Amino acid sequence: MRYEVTGDQLHKTISMFFMDIVNSSHTYATGGTSVGEFWSDPKRLASNLDSNTEESCTTYNMLKVSRHLFRWTKEIAYADYYERSLTNGVLGIQRGTEPGVMIYLLPLAPGSSKERSYHHWGTPSDSFWCCYGTGIESFSKLGDSIYFEEEGKYPGVYIIQYISSRLDWKSGQIVVNQKVDPVVSWDPYLRVTLTFSSKGSGLTTSLNLRIPTWTSSNGAKATLNGQDLPLPSPGNFLSVTKTWSSDDKLTIQLPLTLRTEAIQDDRPEYASIQAILYGPYVLAGHSIGDWDITESATSLSDWITPIPASYNSQLITFTQEYGNTKFVLTNSNQSITMEKFPKSGTDAALHATFRLILNDSSGSEFSSLNDFIGKSVMLEPFDSPGMLVIQHETDDELVVTDSFIAQGSSVFHLVAGLDGGDRTVSLESETYKGCFVYTAVNLQSSESTKLGCISESTEAGFNNAASFVIEKGLSEYHPISFVAKGANRNFLLAPLLSLRDESYTVYFDFQS
């Protein structure tokens with residue numbers, strides 16, 4: 001602000017030098033910075049990955065700095081930084097859609113969780129960390145730095161963030177409507193449409209649209225009223241100067257690619273620590289336990305596969321009630337148990353969600369869960385893609401194992417509940433007819449789930465214990481979700497901003 005008030009170039013130089021030092025030597029892939037509220041040694045961030053990293057106050061302040069610097073310089077680097085920090089460092093510090101439930105320090109330790117971080121989630125009325133003030137203010141400023149106005153012979157607007165919004169541009173005498181299609185993993189493009197409402201002044205103005213450094217020229221496209229526009233290379237602005245009318249339409253298509261980014265650490269032994277990004281989105285991996293990331297892939301696309309949109313219609317949760325307690329079928333460290341019904345967004349909710357895979361070639365998208373009844377299905381745990389629920393070889397208990405070694409006992413016939421209930425279903429083994437997945441008659445938490453067969457000696461209550469209410473899955477795939485092929489098993493990749501409490505890893509060791 002001293003530079004803006006006095007015009008002294010020294011203070012502009014100081015500000016730019018400060019930003020460049022932080023951005024090049026102290027910043028994580030998320031755009032966040034600091035550990036335990038401090039900046040430590042430059043380019044030594046691999047030593048700082050713990051549950052006490054990335055103070056949200058710092059991210060808030062760095063956004064303010066980058067905003068000022070872009071106003072002074074119009075440099076794309078500052079606009080790119082703003083997008084990265086806003087997307088990955090701000091949008092995930094509120095717990096889902098719960099206003100007033102904020103996080104202080106965003107953890108980046110391997111297998112870390114927002115719920116189990118240093119300060120945990122706050123509360124709407126009993127938390128008073130400094131990051132509550134800046135955190136809540138950040139959510140009131142989501143439209144703060146989309147458009148920047150420039151005076152001149154032809155008044156201009158710089159559009160540096162692609163966020164659906166409306167700009168009533170007084171000096172330009174037009175209204176700009178920006179519509180951004182939701183980004184998804186199976187359509188690798190960011191698609192933006194600009195339409196206009198002219199106020200009839202006949203004024204000539206300029207629009208300058210950021211072509212981010214994270215995109216590529218291959219597949220990029222811009223059109224004005226159906227006519228192709230010459231696109232500059234990534235890291236520049238597309239400038240269009242004309243007298244805009246209400247029937248004008250400008251579209252941009254920017255390729256989204258998977259890429260890795262090394263951590264800011266110049267020690268050779270940490271060169272393999274990298275983050276995975278999809279366009280501007282930092283992807284977090286979440287699964288059970290540790291895994292080797294890949295075997296011998298030549299590129300990221302060789303072992304990272306987009307999750308189809310239809311998969312969300314296949315996600316289910318099986319529940320039972322006993323007494324006044326509701327239980328849910330759960331993947332507990334590769335064994336299937338019944339656990340108490342969890343809160344949404346938690347690790348437990350993740351483990352209690354399964355994907356129903358049809359055992360035939362019929363359609364895979366259903367309008368309701370009842371459409372699965374009468375079908376032969378396999379159960380894939382949400383947190384262990386590529387694995388299946390099967391009957392253990394040596395006993396009747398159900399376990400989770402790799403799909404390529406699963407035999408016929410992984411296929412179940414989904415039938416109406418044995419208890420005769422209106423909303424219940426039962427899972428009959430396709431291999432062992434008359435045998436059903438069942439729980440204990442006197443159900444308790446952490447109870448093993450087994451395969452039991454109906455006979456004259458079947459204990460009373462078996463029909464109830466073999467009947468489940470089928471519900472929509474407690475977790476679902478984010479539109480930007482991928483399956484990554486590990487050396488020992490697959491795991492999920494999703495944007496860090498979409499995770500609430502789940503254990504996750506942002507930086508991966510590519511050494512293996």
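**A chat about the predicted chain**

Trainee: How much of residues 157-256 is helix, how much is strand, and how far apart are the ends?
Mentor: Residues 157-256 are 0% helix and 54% strand, with 25 Å between the end C-alpha atoms. Helices (H or I, at least four residues) and strands (E, at least two) are DSSP runs, numbered from the N terminus. This is a predicted model, in which local features need pLDDT of at least 70, side-chain atom pairs count only at pLDDT 80 or more, and totals for chains, interfaces and linings use all residues. Residues are numbered from 1 along each chain as its sequence is written, and side-chain values use heavy atoms, leaving out hydrogens and water.

Trainee: How many helices and strands does the chain have?
Mentor: There are 7 helices and 30 strands in the chain.

Trainee: Which residues touch the most other members of the largest nonpolar core?
Mentor: They are Tyr 162, Leu 190, Leu 209, Leu 250 and Leu 493, in a core of 43 residues. Such a core is a set of buried Ala, Val, Leu, Ile, Met, Phe, Trp, Tyr and Cys residues joined through side-chain atoms within 4.5 Å. Buried means under 20% relative accessible area (1.4 Å probe, protein chains only).

Trainee: Which strand gives the most to this core?
Mentor: Strand 5, residues 189-198, gives the most, with 4 residues.

Trainee: And what does Leu 209 touch?
Mentor: Not counting residues up to four places away in sequence, Leu 209 has contacts (heavy atoms within 4.5 Å) with residues including Tyr 162, Phe 237 and Leu 250.

Trainee: Changing topic, what share of the chain counts as buried?
Mentor: Of its 512 residues, 52% count as buried.

How values were computed. Buried < 20%, exposed > 50% of the residue type's maximum accessible area, 1.4 Å probe, protein only.
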